[in-house]
Amino acid sequence: MDIKRREVGDIVIFDINGEIDLYNAPEIKEKIKEEMNKNKVNIIINLDKVTYIDSSGIGVLISSLSNLKKVGGGLKLINVYASVRKVFELTKLTSFFDIYDSETDALNAFK
């Protein structure tokens, strides 16, 4: 898994490439925690190039969203496709997370 970080205004975007599983999911949690320590609490995670996510990956996203909400922030997911989308649908998490088809839509949702 590879994570690239970029910023648009006060919003941090993580572009993730590869699989999110038990072994690397904690890395995402750590990156979000680092941003929170810098008072960056609005995060977008781009799953465009994610081919697989397991329950530990889902767990990290849930706990990160919860932690961000506690400090008045938010977590939005973009470009959730194919098998990754199915995981969110099967676990009924499409209503729990704010999922957008484009980065622009997610950025606008923070306004």
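**View 1. The Arg6–Asp15 pair.** Arg6 counts as partly exposed, at 30% relative accessibility. In this predicted model, its salt-bridge partner is Asp15, and the closest N and O atoms are 2.5 Å apart. Asp15 is buried, with a relative accessible area of 19%, which puts this residue under the 20% cut-off.

**View 2. Helix H1 and its buried face.** Let's turn to helix H1, which covers residues 25–37. Its 13 residues should span 18 Å at 1.5 Å a residue, and the 19 Å between the end C-alpha atoms agrees with this. Ala25, Ile28, Ile32 and Glu35 are the buried residues of H1. Viewed down the helix axis, these buried residues fall within an arc of 80°, so they line one face of H1. Their packing partners are strands E1 (2–8), E2 (11–20), E3 (42–53) and E4 (74–78), together with helix H2 (55–70). After H1 comes Asn39, with a positive phi near 65°.

**View 3. Lys40 meets Glu7.** Here a salt bridge joins Lys40 and Glu7, with 2.8 Å between the closest N and O atoms. Lys40 sits in the loop between H1 and E3 while Glu7 belongs to strand E1, so the pair ties together parts 33 residues apart in sequence. Glu7 is partly exposed, with a relative accessible area of 37%.

**View 4. A pair within helix H3.** Arg85 and Glu89 form a salt bridge whose closest N and O atoms are 3.6 Å apart. The two are four residues apart in helix H3 (residues 82–90), and are therefore separated by about one helical turn. Arg85 is partly exposed at 26% relative accessible area, and Glu89 is partly exposed at 42%.

Methods:
Residues numbered from 1 in each chain as written. Predicted model: local features only at pLDDT ≥ 70, side-chain atom pairs only at ≥ 80, totals over all residues. Heavy atoms only, no water. Expected span 1.5 Å × (residues − 1). Buried < 20%, exposed > 50% of the residue type's maximum accessible area, 1.4 Å probe, protein only. Arc of directions from axis to C-beta. Contact = heavy atoms within 4.5 Å. Salt bridge = Lys/Arg side-chain N within 4 Å of Asp/Glu carboxyl O.
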